[in-house]
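Please work through the exercises below with the sequence and the model side by side. Each task is followed by a solution that goes step by step.

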Amino acid sequence: MEKFGKSQPVKRTEDQRFLTGHGRYMDDNIPDNALFAAFFRSSVAHGRITALDLDAAREADGVRLVIALDDLANAGIDTVLNAATVSNRDGSQAAAPDRHMLAKDRVRFVGEPVAVVIAESLTQARDAVELIWMEIDDLPAKMSVDAGGEVLHPEAPDNRAFDWGLGDEAATEAAFQCAAHTVSLNVHDNRVIIASIEPRGCQASWNDGRLHFAYGGQGVWAMRAQLAQKLKLEPETIRVTTPDVGGGFGMKVMPYPEYFCAAVAAMKLGQPVHWMSDRSEAMLSDHHGRDLTSLAELAFDANHKITAYRVHSKVNLGAYNSHFGQAIQTDLFSKVLMGVYDVQTTYLRVEGFYTNTTQVDAYRGAGRPEAIYVLERVIDRAARELGIDPWELRRNNFIRPQNFPYQTATDETYDVGDFDMVLSRAGEQANGFTARKAADAERGLIRGQGLCYYIESILGDPSENAKVTFSEDGTVTLYVGTQSNGQGHETVYAQFLSDQTGVPMDRINIVQGDSDQLPHGGGTGGSRSVTVQSTATLATIDVMIAAFTPYLADKMGVEENDVTFDHETFRASGSNLTPTLTEAADMARADGRTDLLQHEARANLDARSYPNGAHVAEVVIDYYTGETWVDRYTVVDDFGNLINPMLAEGQVHGGVVQGIGQALSERVVHDAQGQLLTASLMDYALPRAAEIPMIKFTSVPVPSTSNPMGMKGCGEAGTVGALAAVANAVQDALWDHGVRQADMPFTPHKVWELLNDGPVAAK
């Protein structure tokens, strides 16, 4: 038991090794006898492969193997990557073109892998890649997110991958026809690169008929299932592990072509094969995020209550359907389409189009931002056009606390919420804007304030496993099915187990990322980890207490029903024995009761939880240069009950910074031929510490009813709120200067042009 009770702001225990250079990432775990992989990639965005000569590469020094698609097919594996699809609005199935692990006949984006070289050193592998000769008949690059253009796939003759709809189109149209006011806004959500601190990498080895595959990912069991399916192996013959992972952001969830190629090479050569992407390679080949344009419309009655909401989005899928792309884009939009507002009818239409770029997933913090960004931008526009305070317009349309549980028009059931209370706290924290704006005006600066009230839906596999074992040295090991990418899982899971059992945190070890250690795990994504994993841990504790109770009742000389556990010790009236869990385990070990030294359970959440909160951003703009910076940032979040408030605040800070980066500087740029012009950190502008203000965070919990701990999840909340808050702040600052359409990223040049081209400037 911690000195001051449960749910304390405990510092991250794993930071000691990370900050002193003792983390173990993919490149820190290379065996002495490992071979190295390097990929030959397309240098053009679109074309037919007319010749591919691998002979010189195969004869190069140190080269052990060169593989193209035919070699994979001849090895008897399934070379087609899995992909997600949805049904079209008319009920037909969306396009589902094959994507092979290596290019087949045609290349469709710059960076698409065509062949792989395996050599004794990385330098030799890269040198051999340079010897590969490929001839291509160039085809026009299709870069616009619209129907038409050069066809990428025969299955999609107009390059439309899908045309999906959700909601009641007729009722929504009727509501718009009889509305007292309607407001519309075109909203662009710029394409971004994930840029995790550690690029993607993997390592495969084949020994005694068993494959060991290690990679920097977000879960091991889904990867194992994919390897088993594609390589035609039994799942039990595959072990998948993850070392420390330097950032994931959803981009590292899905299988990529390189992983299967490395596994095939290791099986063929009988030696470990290691591959690690470099930064530009990652920027070319990793899945990107966002890249969609939406027409959003709101209908109001005479009292400024929203009666209907309609969105038509066009999204860029890149060259192929990704493992998650279509389903994620559409599903995540639908989960939070209504936001926190009491709206009875809605209709969403999403069209997906193929372009000659790498795949795009609705991730990077991850998915909810798109839907909330669109909704909060258009409601902010409505407040301006209707002449209403944007805070009051939101309050006027909030779902009221007494109306929970609340079923949205998209069939989500929000369990609890007090949005007005959270917004009021944010207003208290962010007060003084008017005075700051006036002071800036005297210095020739423009200040704007932006508000976003977000809600997100905790997604992913609702079930999870946990296992607890007791060791002779008095330590306890908790095996988990999720995977940390830097969020602090080792700390928060140990803290939760300590809170519930009294085992000191420093005596608890956390084991993650090993498919041999647990029968199943859902991995990490969609802010699911702490909520779902803690539910499984709680279930395991229940199993453990139930198992120890009859054993200890016999030791105590009492009836089973008399034994209780108070989160620290077992007690029973009439007995002086008060053993802790570790003491009980020592007793069991001495008695040969090894069955009491390991306990396991699987838990399932029957319902989602819905974290929500208010973000308030203040930006300052230099009129003469267009330079724009975030000067103040306030967050009030309802995450339900927290295990470690410090870690939750850290997650919010990171997410907000990510949102600020996209709003002010990040943007993927391709030229007309599909060449990526932002393929290095010299060209792609990530946010810097000097550009980030102090972020004021307040937790105002309204405990969820969907899980035993009352948690709501927080991993992505910062980004979900930050995009619209910053964008609305910039729009607020520019409004009085005649600017009516402002889209991210708000670079100095763009803002300067908006100010100098606006109606006010023209006068």
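Predicted model: local features only at pLDDT ≥ 70, side-chain atom pairs only at ≥ 80, totals over all residues.

Residues are numbered from 1 along each chain as its sequence is written, and side-chain values use heavy atoms, with hydrogens and water left out.

**Exercise 1.** Determine which residues of helix 19 are buried, and which exposed residues sit on the face turned away from them.

*Solution.* Begin by locating helix 19, which covers residues 748–757; helices (H or I, at least four residues) and strands (E, at least two) are DSSP runs, numbered from the N terminus. Next, apply the accessibility classes, where buried means under 20% relative accessible area, exposed over 50%, and partly exposed in between (1.4 Å probe, protein chains only). Val751, Leu754 and Leu755 are buried. Seen down the axis, the buried residues of helix 19 fall within an arc of 95 degrees, so they line one face of the helix; the arc is that of the directions from the helix axis to the C-beta atoms. Finally, the face turned away from this buried side carries the exposed residues His749 and Asp757.

**Exercise 2.** Describe the setting of Phe249 and His567, and state the phi of Phe249 and of His567.

*Solution.* Phe249, although not a glycine, has a positive phi of about 60 degrees; it is found in the loop between strand 11 (238–241) and helix 7 (257–269), and is partly exposed at 35% relative accessible area. His567, also not a glycine, has a positive phi of about 75 degrees; it belongs to the loop between strand 24 (563–565) and strand 25 (570–572), and is partly exposed at 34%.

**Exercise 3.** Is Arg191 buried or exposed, and which backbone oxygen does its side chain reach?

*Solution.* Arg191, in the loop between strand 8 (181–189) and strand 9 (201–207), counts as buried at 4% relative accessibility. Its side chain reaches the backbone oxygen of Thr358 at 2.9 Å.

Definitions and conventions:
Polar contact = N/O pair within 3.5 Å; in protein donor to acceptor, adjacent residues only side chain to side chain.
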